[in-house]
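Visitor: I have a structure open on my screen, and I'd like to learn how to read it. Could you walk me through it?

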Amino acid sequence: MDKVRTRFAPSPTGYLHVGGARTALFNYLYARARGGKFILRIEDTDQERSTEESYAQVLESLRWLGLNWDEGPEVGGPHGPYRQSQRLPIYREHAERLIQEGKAYPCFCTSEELEIKKAQREAMGLPAIYDGKCRHLSSQEVKKKIEAGFSYTIRFRTPPGKIVVHDLVQGQVYFDSSLIGDFIIIKSDGFPSYNYAVVVDDHLMEISHVIRGVQHLSNTPRQILLYQAFGWQEPKWAHVSEIVGSDHKKLSKRHGATPITAFRDLGYPARAFNNYMALLGWSPPDGQEFRTMEELCRIFDIERCSKSPAMFDVFDLEKAADQDLSALKTEELENYLFPKSKLNWLSNLHIRHCPEEQYLREVMPFVQKSDFVAKTHGEIANERLREILLALRVYLDYYRQILRYLSDFFVDFDEKTIDDFAEEIISSQNFLSIAETFHRLIKERGGEDFTAEAIKNIIAETGRLTGHKGKNLYMTLRIACTGKKEGLELPQYLALLGYQKVEETLRKTIALAKERWPAGSLGGV
RNA sequence: GUCCCCUUCGUCUAGCGGUUAGGACUCGGGAUUUUCAUUCCCGCAACAGGGGUUCGAUUCCCCUAGGGGACGCCA
């Protein structure tokens, strides 16, 4: 096998979720790691279920992830077309060949008939395989039935024998063709069946490695039989473990199978999501988990893929009860995210460790969703907004969280929202002296030079004048100036809030202290 | 029902006959810090069960249990 050519072959019958995306990722990474090509092929042979919306959504998701295909829809390539619905003559032609060689035959059994037989066999405890009724029809009989207008399928004449799948992940797996039966390769609507189309296309597209989920392992013997019937060389097989939801169940709408686009909308950087997915069923040789795409493209290897299923553990499914997570709006979905998932941890690292300009570019679309920013548009100098965003960077697990943190800079102090802790501080004896001293000092400067450095000095001076220091001083000022006990490092925080805002909050908290606790309480901090 | 696959801390996993069973996330504790976060230490926590093979099994084989997949004119 000289060149490595991998492919991702989704069927456009729904949205792309982690299951498929991870398979696509593995194919992409393997092709990149081996200097090969990554091909995208659309398996839209189910006329009932395939939709254009789904097709568009799948491509959109792959593009967002950055899993760019070297050949495939919309980019073309030497082995097109890359949508199976556009390759019908090719399948027909190859099926004819099999019929001529006696390796396939038309079958006139109706679906109803087959269903009844299948039920009967199941009732008797027999494997539910086709009984071969049309296997021995003479060419005259076939001709007559076709002329009479009976619709028919084409079945593969499965030869007896053992089949062994040599799998890069699963090892050698043995099957017996007597348990397979004559399967359909061309459906009565003239479209190819999955097992058949996959073989014809993988061969014609010169796919060297078929990397896909284990659920396809039991299809593989059928495909191998077809390779043998055509006299083609098999690709290398690699059936990777599947992904399950946090309840150990197969991924489904209620079990965490949200569309990939949901993660984009939540504001996870694509590289972070890829990094996380790469760790599901694969592990890096050195154990280092935080990785760039470049590194992943270099070090990925099928050898290190695990056989056991991996859990996609980012949603609190218990909390979500039986909700259809795929139907939720982004802000609702956010409520079911585990705050401490590995995805969040990785994503936070990716957000913190990218160049500033890239971070700013990526966070901006979410910033623009903020009502506060929209309302105060023009009031915040770009430079200040930039500083605020950079200061907030360390807190973000995904970009949408910026909305939450941004509110700290734009919401006015409201005494109704203060908590017990803040109340305790405000009511303490020290509060007024510290707050008023600081208030006086900044007013004397009239907002001139309201930088972090200057504020630090003013805080120090406040400390000298009032005789307080450390936590006592800082926490009191924090509550006095912001009304909250959490936030950025204080001098920087106040500088970013701006003189006016700080001065205004200070006035309110001081007024509150005087009004509610005129004498100061007995509590000290 | 038949066939196939899977089972190491809560989670992702390393391990490929001899290890104090390692790492990461989470969690608990501590240090640093004016708070939260960060960072840095420390700690809790696992080989599903039972038989073999072997001087020695997490590792190899068999059985049981549990989970998953396939058996479609779905992919």
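Predicted model: local features only at pLDDT ≥ 70, side-chain atom pairs only at ≥ 80, totals over all residues.

**Around the RNA**

Guide: Lys187, Glu242, Gly281, Glu289 and Lys307 come nearest to RNA strand B, out of the 62 residues around it; a residue is near if one of its heavy atoms lies within 4 Å. Residues are numbered from 1 along each chain as written, chains are lettered from A and ligands numbered from 1 in written order, and side-chain values use heavy atoms, without hydrogens or water.

Visitor: Which side-chain atom of lysine 342 is 2.9 Å from a base nitrogen of RNA strand B?

Guide: A polar contact is a pair of N or O atoms within 3.5 Å. Here an N or O atom in the lysine 342 side chain sits 2.9 Å from that base nitrogen. Aspartate 46 has a polar side-chain atom 3.1 Å from a sugar or linking oxygen of the RNA.

Visitor: Which element gives the most to the surface near RNA strand B?

Guide: Helices (H or I, at least four residues) and strands (E, at least two) are DSSP runs, numbered from the N terminus. Helix α20 gives the most, with 4 residues.

**A strand pair**

Visitor: How many bridges join β1 to β2?

Guide: Strands pair if DSSP finds at least two bridges between them. Here 4 bridges join β1 (residues 5-8) to β2 (residues 37-40), and the two run parallel. Arginine 5 stands opposite lysine 37 in β2.

Technical notes. Polar contact = N/O pair within 3.5 Å; in protein donor to acceptor, adjacent residues only side chain to side chain.
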